[in-house]
Amino acid sequence: MAFAPWLDGLLCGLAADIAAAQSLPRGQRGVDLTRAVATVGLRDPAVGGHPLVPDPLCPDCGRPPRDSPERARVTLRAVPDRGGLHARTLPRVRRAPLSTVVDPVVGVVAEIRTAAEGGPASATAPFGGRAGTGPEAGYGRAADTETAQTIAVLEALERLGGMVPGGRCSTVRASRDDLGPVAVDPRGFGTHDPHCYARPDFPFTPWDGGHETTWVWAHHMSTGRQVLVPESPAYYRSRALRPDDPGFVHDTSSGCAVGSCIRRPSCSACWRWPSWTRS
């Protein structure tokens, strides 16, 4: 159905007035319309609310700060032993409203799919990726469906956060030879065997310290210093944003971790990396 341009504007204005004048239906009254998308029914003036999580890569609602050594500093502190590193256990997380990120209209995750595959309950939380990186998903398995769904959403957020820089804008682009000691030699993270690079169909090239690339500030867990590491593989899909940056290793989400406080994902990321390299 198409309308004249002036009528389109009139209808949009009318819909906005209705959405602003009417309260949200029961069960959605906690939605802040300044951080939500309001929908107005065409058959009746029913108003619906869909929580909107701003995307930091959006040119309109995303305004991440510039990357800097100060923003990369991590302060770890000792905590009393309460039976583990979890500041919040999964049952407490499970009570949080998943509708904050799961919504069929504007959600980070459009839906959660569940299945019973002859064993533990399984769930999948697909999401659209970022900056043309293509669709991906988080996966969860547990003894019950509710826990599996929560795990799937948490893994989706974990992968979304590890794909491309979202919390800060990368500001350094140079070669390691020009940057000097403040830039980490990424070959220390591990590379492919030399014979792989020699194959004509291999999609990666050996690391070249004289090649210009994008760097991000990071916290060195051993020395406490702020150092520069290549944006790829720090973010495992960043080359979708910068295809001209050299790709010297295959990047995956292994090593990404999320948590309610900085100590948990810091430890989890360190534990997951060697377990992946041995597999």
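Select Cys169. This residue is partly exposed, because its relative accessibility is 31%, which falls between the 20% limit for buried and the 50% limit for exposed. Keep in mind that you are looking at a predicted model.

Now pick Cys58. It counts as partly exposed as well, with 23% relative accessibility. How many disulfides does the count come to? The count is 0 disulfides.

**Next stop: salt bridges**

A search of the whole structure finds 9 salt bridges. We will visit some of them.

Select Glu136 and Arg237. Their side chains meet in a salt bridge, at 3.1 Å from N to O. Colour the chain around each one. Glu136 sits in strand β5, residues 136-142. Arg237 sits in the loop between α7 (231-234) and α8 (263-278). The two are 101 residues apart, and the pair links distant parts of the chain. Arg237 is partly exposed, at 28%.

Move on to Arg173 and Glu212. They form a salt bridge, and their closest N and O atoms are 3.2 Å apart. Glu212 lies in the loop between α6 (194-197) and β7 (213-219), and Arg173 lies in strand β6 (residues 172-174), so the bridge ties together parts that are 39 residues apart in sequence. Glu212 is partly exposed, with a relative accessible area of 43%. Arg173 is partly exposed too, at 41%.

Asp245 lies in the loop between α7 and α8, so its bridge to Arg173 in strand β6 joins parts that are 72 residues apart in sequence. Asp245 is buried, with 5% relative accessibility. Show the three residues together: Arg173, Glu212 and Asp245 are linked in a network of salt bridges.

**Next stop: a surface patch**

Switch to a surface view and select Leu76, Met221 and Ile262. They form a nonpolar patch on the surface. Together they have about 270 Å² of accessible area. Zoom in on Leu76. You will find it in the loop between α2 (69-72) and α3 (90-94). Leu76 is partly exposed, at 44% relative accessible area.

**Last stop: a cavity**

The count comes to 1 cavity of 30 Å³ or more. What is the volume of the largest cavity? It is about 40 Å³. To see its lining, select Asp67, Pro165, Arg168, Ser170, Val216 and Tyr235.

Terms used:
Residues numbered from 1 in each chain as written. Predicted model: local features only at pLDDT ≥ 70, side-chain atom pairs only at ≥ 80, totals over all residues. Heavy atoms only, no water. Disulfide = S-S within 2.5 Å. Buried < 20%, exposed > 50% of the residue type's maximum accessible area, 1.4 Å probe, protein only. Patch = residues over 30% accessible without salt bridge, like charges linked within 9 Å, V, L, I, M, F, W, Y side chains within 5 Å. Areas by Shrake-Rupley, 256 points an atom, 1.4 Å probe, with all protein chains shown as cover. Salt bridge = Lys/Arg side-chain N within 4 Å of Asp/Glu carboxyl O. Helix = DSSP H or I, 4+ residues; strand = E, 2+ residues; numbered from the N terminus. 1 Å grid on protein atoms, 1.4 Å probe; cavity = no way out; pocket = protein on both sides within 12 Å on 5 of 7 lines; lining within 4 Å. Points joined across faces, edges and corners; volume = space filled by probe spheres on them.
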